[in-house]
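Hi there,

Here is the structure I said I would pass on. Have a look at it, and then read my notes below.

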Amino acid sequence: MKIITPRKTINGSVDAPRSKSAAHRILIAAALADTPTTVDLGNDFGEDVAATLDCLPGVGAEIFRDGGCVRVHPAGICRGDFPCRESGSTLRFLLPVAGARGAQGVFSGAGRLPERPLGALLDALQTCGVAASAPRLPLQLQGTFRPPEEVVLPGNVSSQYVTGFLFALAAAGGGRIRLRSALQSAGYVALTIGVLKKFGVAVETSADGFRVSGKFRSPGFCRVEGDWSNGAAYLALGALAGKVSVRGLDPHSPQGDKRIVELLRRFGAKVAPDGDVVTAETADLHGAGEIDIDPSIDLAPVLAAVAAKAQGRTILGNAGRLRLKESDRLASIGTMLTELGADARTDGDALVIDGKGFIPGGGTVSGAGDHRIVMAAALAGCAAKKSVSIEGEGAVAKSAPDFFRQLAVLSGE
């Protein structure tokens with residue numbers, strides 16, 4: 001159990017954790033490239049990225065680690081299984097890639113991952129001649145990857161499906177994806193397209209889909225950019241309880257969660273970008289009204305913590321996809337805030353928070369096995385009137401193993 005005491009002073013700067021979204025994509029591209037690639041992951045890349053590293057031998061790569069860098073050798077022989085742990089990105093990206101590579105290792109997962117939806121992804125693989133041994137994990141793939149003239153995917157279930165097939169089609173020599181519904185989380189697909197371009201693969205975007213051409217060519221070296229999603233937690237801390245600067249956040253990144261700047265400003269926080277440094281400082285926070293959270297769904301927990309302290313109502317709307325995360329995140333956020341004395345309730349696919357201008361605290365919160373719930377609870381605890389106890393705090397290792405050490409640094413501990 002982790003006890004978070006109210007902080008009198010939050011002031012300082014931190015380096016943004018590396019983007020796990022970019023890391024997954026760069027590592028997979030490196031595994032499919034023509035020659036080896038050195039990838040600078042940093043030292044705090046977390047369990048999700050470690051899962052992708054562990055799975056890459058299954059699509060024919062050899063991995064050599066040296067501190068925060070890894071050397072990816074595209075050996076070409078598929079050896080091993082796919083232990084995806086709790087990483088939805090690893091699973092959804094590598095299923096199509098494994099199909100294209102003819103890999104037959106066993107895909108497995110932990111936590112809630114075996115419950116998360118795969119139907120549309122497996123259906124699309126079936127149209128390409130690759131069948132799954134089961135509709136859910138654990139499963140194996142069999143068959144020869146021969147994509148039709150166009151692979152049809154839903155855009156409104158998960159952008160990870162699109163990313164997986166962009167990689168798979170590139171590995172197979174090219175092809176087209178047609179979307180039968182509007183694309184969610186388009187920023188993540190833009191991130192994929194940027195990585196593919198860096199590795200020599202062209203993606204042409206049209207109104208209803210994408211066309212892929214070219215072959216994977218290693219750039220030799222890649223450094224993974226800073227992560228707006230986890231960087232947002234430190235910016236939210238500044239908005240809640242002091243002043244925090246986060247270094248290494250690319251203002252031109254396609255990451256959708258850079259939206260944190262405008263959203264914190266809606267609460268009245270002072271947020272100042274300066275090149276790749278963003279500084280957030282607290283002020284008299286007020287409710288932000290209704291926010292469509294779907295385009296930046298991972299920001300919901302930390303924004304909920306800010307909303308709990310703000311004076312007035314905030315509604316995180318269009319939040320149904322939160323139910324399909326490491327926990328039922330919509331329910332977990334509401335429970336966490338209620339246990340800390342805040343006024344929060346779910347209303348269909350929305351979370352309604354009536355902020356009191358302060359967070360009472362004094363409660364014990366379950367991390368729900370969810371890294372983002374643990375981080376949000378810790379932020380709320382820093383700004384609360386009374387200490388907050390968090391059970392299952394180790395879940396932060398999934399994406400930000402350095403999180404609590406950084407909190408201590410910012411608190412002057």
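Let me start with a quick one: is Phe404 buried or exposed? Phe404 is buried, with a relative accessible area of 14%. Before you go further, please keep in mind that this is a predicted model.

Now for the aromatic rings. There are four aromatic pairs in the structure. In one of them, the ring centres of Tyr234 and Phe403 sit 5.8 Å apart with the planes at 40°, so this pair is tilted. Tyr234 belongs to helix H7 (residues 228–241) and Phe403 to helix H12 (residues 403–410), so the pair ties together parts that are 169 residues apart in sequence. Both ends are hidden away: Tyr234 counts as buried at 2% relative accessibility, and Phe403 counts as buried at 1%. Phe403 also pairs with Phe404, with the ring centres 5.2 Å apart and the planes at 70°, so that pair is edge-to-face. Ring pairs therefore join Tyr234, Phe403 and Phe404 into a cluster.

Next, the charged side chains. Side chains of opposite charge can pair when their charged atoms come close. The structure holds 21 salt bridges, and I picked out three to show you.

- Asp40 with Arg18: the closest N and O atoms are 3.2 Å apart. Asp40 is in strand S3 (residues 37–40), while Arg18 is in the loop between strand S2 (10–15) and helix H1 (20–32), so the bridge ties together parts 22 residues apart in sequence. Asp40 counts as buried at 16% relative accessibility, and Arg18 counts as buried at 17%.
- Asp208 with Arg176: here the closest N and O atoms are 2.9 Å apart. Asp208 is in the loop between strand S12 (201–206) and strand S13 (209–214), and Arg176 is in strand S11 (residues 175–179), so the linked parts are 32 residues apart in sequence. Asp208 is partly exposed, with a relative accessible area of 32%, whereas Arg176 counts as buried at 13% relative accessibility.
- Arg372 with Asp298: the closest N and O atoms are 3.9 Å apart. Arg372 lies in helix H11 (residues 371–383) and Asp298 in the loop between strand S18 (289–292) and helix H9 (300–309), so this pair ties together parts 74 residues apart in sequence. Arg372 and Asp298 are buried.

Arg372 and Asp298 also belong to a network of salt bridges, along with Lys20, Asp48, Lys325, Glu326, Arg329, Asp370 and Lys398.

Then there are the cavities. How many of 30 Å³ or more does the structure hold? It holds two. The largest has about 470 Å³ of space and is lined by 31 residues, with Ser89, Arg116, Gln160, Asp298 and Lys325 nearest its centre. H1, helix H3 (88–101), helix H5 (159–171) and H11 each supply at least two residues of that lining, and H1 gives the most, with four. By type, the lining of the largest cavity divides into six nonpolar, eleven polar and 14 charged residues.

The second largest cavity has about 40 Å³ of space. Its lining consists of Ser229, Asn230, Ala233, Asp298, Val302, Arg372 and Met375, so you will meet the Arg372 and Asp298 pair here again. H7 gives the most to this lining, with three residues. The lining divides into three nonpolar, two polar and two charged residues.

Enjoy the browsing!

Definitions and conventions: Residues are numbered from 1 along each chain as its sequence is written. This is a predicted model: local features need pLDDT of at least 70, side-chain atom pairs count only at pLDDT 80 or more; totals for chains, interfaces and linings use all residues. Side-chain values use heavy atoms; hydrogens and water are left out. A salt bridge is a side-chain nitrogen of Lys or Arg within 4 Å of a carboxyl oxygen of Asp or Glu. Buried means under 20% relative accessible area, exposed over 50%, partly exposed in between (1.4 Å probe, protein chains only). Rings of Phe, Tyr and Trp (its six-membered ring) pair if their centres lie within 6.5 Å; planes under 30 degrees apart count as stacked, over 60 as edge-to-face and the rest as tilted. On a 1 Å grid over the protein atoms alone, a cavity is a set of points where a 1.4 Å probe fits but cannot get out, and a pocket is an open set with protein on both sides within 12 Å along at least five of seven lines; lining residues have an atom within 4 Å of a point. Grid points are joined across faces, edges and corners, and a volume is the space filled by probe spheres set on the points. Ala, Val, Leu, Ile, Met, Phe, Trp, Tyr, Cys and Pro count as nonpolar, Asp, Glu, Lys and Arg as charged, and the others, Gly among them, as polar.
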